[in-house]
Amino acid sequence: MSSSDKNSQASDLSTSQQTPADADTSADNSAESKGTTHFGYKTIEKADKISMVAGVFHSVAKQYDVMNDLMSFGIHRLWKRFTIDASGVRPGNTVLDLAGGTGDLTAKFSQLVGREGKVILADINSSMLNVGRDKLRDKGLVQNIEYVQANAEYLPFEENTFDIVTIAFGLRNVTDKDKALRSIYSVLKPGGRLLILEFSKPEHELLNKAYDFYSFNILPKIGELVAKDGESYQYLAESIRMHPDQETLKSMMDNAGFEQTSFKNLTGGVVALHKGYKF
């Protein structure tokens, strides 16, 4: 299927399509002021990033679920279940699963919000969105789910729309994370909450060293064997290292206007769940 065919299948309500990846460090900010940004560890021109990151996710979309299970030894399912439990979702809620990819969170939210609720699965990448849509429809989940191709920095929704916004393993791929957080804040209802599930910084040095060895020596090889694309998984490993640590991300949420912000480390800080409210 051609790229144009895929794009025509996704509901494209976004007005601007900038994509994934770099971290909010002083080096990043300096690079951005010069018209450059980061793609993993590489410094590139901003204009090149959209196509480069899109290429990664077009490449990995079909094997994304299989690779998630292999890469995390299935633990990603527990991380996502913890996120659902922490969301406080109720029947009738309106939920935005941002950077929702293949729809794991959307599937569970759809069941929990019921017929009176609604879940929007949004992703900037048409290939990921199409895989997610097809998977959920194959499960018979059709009544209360909508699909929108959207950029997290410029969400195409009215203010005060959602009770809950989640973004799982997607924020690290957003170019301007501060802008994305402000955009999310705008579309949340007063009393609404944001949950960010993302790879983060391990709490202990020994775990950190083991994690680095696995990420840069084992993960790309798995990607090459299973997805026939070791390079994309090398980028994904680098993007995790460039992502802000737990306290930095919490401060960014505070600066965007969120209140009662907190985070919970999972699996020793390999992953963290951040939470914040709009009041």
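This is a predicted model: local features need pLDDT of at least 70, side-chain atom pairs count only at pLDDT 80 or more; totals for chains, interfaces and linings use all residues.

Visitor: What does the chain hold overall?

Guide: There are eleven helices and nine strands. Of the 279 residues, 55% count as buried. As for contacts with a separation of 6 or more, 73% of them come from residues 24 or more positions apart.

Visitor: How many aromatic pairs does a search of the whole structure find?

Guide: Seven aromatic pairs turn up. Take Trp 79 and Phe 169: their ring centres are 6.1 Å apart and their planes sit at 55°.

Visitor: Why is the pair of Trp 79 and Phe 169 called tilted?

Guide: A pair needs centres within 6.5 Å, and 6.1 Å passes. Stacked would need planes under 30 degrees apart and edge-to-face over 60, so 55° leaves tilted. The pair also links distant parts of the chain: Trp 79 is in helix α5 (residues 76-87), while Phe 169 is in the loop between β6 (162-168) and α8 (177-187), 90 residues apart.

Visitor: What makes Trp 79 and Phe 199 an edge-to-face pair?

Guide: The centres are again 6.1 Å apart, but here the planes are at 85°. That is over 60, so the pair is edge-to-face. Put together, Trp 79, Phe 169 and Phe 199 form one aromatic cluster.

Visitor: How do you know whether Trp 79, Phe 169 and Phe 199 are buried or exposed?

Guide: Buried means under 20% relative accessible area. Trp 79 comes in at 7%, so Trp 79 is buried. Phe 169 has 10%, so the label holds there too. Phe 199 is at 17%, which is under 20%, so Phe 199 is buried as well.

Visitor: What makes you say that Arg 241 lies over the face of Tyr 211?

Guide: On distance, Arg 241 is at 4.5 Å from the ring centre, and the cut-off is 6 Å. The charge must also be within 35 degrees of the ring normal. Arg 241 is listed as lying over the face of Tyr 211. Lys 278 likewise lies over the face of Tyr 185, at 5.1 Å from the ring centre.

Visitor: Which residues does UniProt list for "binding site"?

Guide: The unreviewed UniProt entry lists Thr 102, Asp 123, Asn 151 and Ala 152. Asp 123 lies in strand β4 (residues 118-123), and Ala 152 in the loop between β5 (145-149) and β6.

Visitor: Why do Asp 123 and Ala 152 count as buried?

Guide: Asp 123 has 8% relative accessibility, under the 20% limit, so Asp 123 counts as buried. Ala 152 is also at 8%, so the conclusion is buried again. Beyond sequence neighbours within four places, Asp 123 is in contact with residues including Gly 100, Met 128 and Val 148. For Ala 152, the contacts are Leu 98, Val 174, Ala 180 and Ser 183.

Visitor: How do you know that the span of helix α7 is close to the expected one?

Guide: Helix α7 (residues 126-138) has 13 residues and reaches 18 Å from first C-alpha to last, close to the 18 Å expected at 1.5 Å a residue.

Visitor: What makes Asn 125 a cap for α7?

Guide: A side-chain oxygen of Asn 125 lies 3.1 Å from the backbone nitrogen of Ser 127. The limit for a polar contact is 3.5 Å, so the distance qualifies. Just after α7, Gly 140 takes a positive phi of about 85°.

Definitions and conventions
Residues are numbered from 1 along each chain as its sequence is written. Side-chain values use heavy atoms; hydrogens and water are left out. Rings of Phe, Tyr and Trp (its six-membered ring) pair if their centres lie within 6.5 Å; planes under 30 degrees apart count as stacked, over 60 as edge-to-face and the rest as tilted. Helices (H or I, at least four residues) and strands (E, at least two) are DSSP runs, numbered from the N terminus. Buried means under 20% relative accessible area, exposed over 50%, partly exposed in between (1.4 Å probe, protein chains only). UniProt positions are given in the numbering used here, feature names are shortened, and annotations may be inferred rather than shown by experiment. Contact means heavy atoms within 4.5 Å. The expected span of a helix is 1.5 Å times one less than its number of residues. A polar contact is a pair of N or O atoms within 3.5 Å; within protein, one must be able to donate a hydrogen and the other to accept it, and residues adjacent in sequence count only if both atoms are side-chain atoms.
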